Amino acid sequence: MVSRARLLVAIPALVVLAMMSAQTIGLAKAGSVMHDVSKAMDGWTAGKVPGVQAIAQMRSDLQRSTFAADADIEELLGLVEARSGTEYLDEARVHLVSALSLRPGSPYTWANLARIDYRLGLTGKDFERKLVLAEELGPYEPDVQRAEAYLGLAMWGEMGPEARAAVERSVAAGMRRKPLEMLQIAQRRGRLAVACRYFGRHSRLSDPKWSQTCQSTEVTS
């Protein structure tokens, strides 16, 4: 016969084991859901944006996929909300702020939050701080470089020297990595001169069209 003392010890141990099993299952489920949602979102950039019901299902799956706070889940929720329409931007921002509270060292999350703030018109000093932090934490990350150029060059004339320096470092790094993309972003933003400063010096691009364009930009700037 099992003594009462041994039984009292065994019950909490079983509870702990059950909780550990539930957590393992929960993490596996969350990972599967995140994989499915991320894969689906990859196709959105090609113009295959799903309907309202599909987006709502993604949101529901993510919210139910884990019983604990998770930075990856929060960030994915924020990205899903952000792509669902402008009416969801405030909610997207809440999720990304939550993700940062759980993982403040992620350059991607800082860059994604800066994207949301830009769309909401929140482009003051706090926006600049996000760009600086994203560049400092992820200077070699292509997605961060792309976001810095896209957002920073758009607000170039209104930003302070620290934010400008961070954006320019990203543009310079992008010119070494993928110069054509960086030149195209800079041209669309009306700040081609910033990218052209690094054409030829660090860039592997030898397109005569861009060489002539950058030369004429230097003359007129």
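The legends below describe close-up views of a predicted model.

**View 1. Glu75 within helix H3.** Glu75 belongs to helix H3, which covers residues 71-84. With a relative accessible area of 8%, Glu75 is buried, because the cut-off for that class is under 20%.

**View 2. The surroundings of Glu75.** Apart from neighbours within four places in sequence, the residues in contact with Glu75 are Leu96, Ala99, Arg103, Ser106, Tyr108, Thr109 and Asn112. For one of these, Asn112, the side chain forms a polar contact of 2.7 Å with the side chain of Glu75. Val94 lies 19 residues from Glu75 along the chain, and the C-alpha atoms of Glu75 and Val94 are 9.7 Å apart.

**View 3. The disulfide between Cys196 and Cys214.** One disulfide is found when the whole structure is searched. In general terms, such a link is a covalent bond between the sulfur atoms of two cysteines. Here the partners are Cys196 and Cys214, with a distance of 2.0 Å between their sulfur atoms. Cys196 is part of helix H10 (residues 192-196) and Cys214 is part of helix H11 (residues 208-220), so the pair ties together parts 18 residues apart in sequence.

**View 4. Geometry and burial of the Cys196 and Cys214 pair.** The disulfide is left-handed because the torsion about the S-S bond of Cys196 and Cys214 is about -75 degrees. Cys196 has a relative accessibility of 2% and therefore counts as buried. Cys214 also counts as buried, its relative accessibility being 3%.

How values were computed:
Residues are numbered from 1 along each chain as its sequence is written. This is a predicted model: local features need pLDDT of at least 70, side-chain atom pairs count only at pLDDT 80 or more; totals for chains, interfaces and linings use all residues. Side-chain values use heavy atoms; hydrogens and water are left out. Helices (H or I, at least four residues) and strands (E, at least two) are DSSP runs, numbered from the N terminus. Buried means under 20% relative accessible area, exposed over 50%, partly exposed in between (1.4 Å probe, protein chains only). Contact means heavy atoms within 4.5 Å. A polar contact is a pair of N or O atoms within 3.5 Å; within protein, one must be able to donate a hydrogen and the other to accept it, and residues adjacent in sequence count only if both atoms are side-chain atoms. A disulfide is a pair of cysteine sulfur atoms within 2.5 Å.
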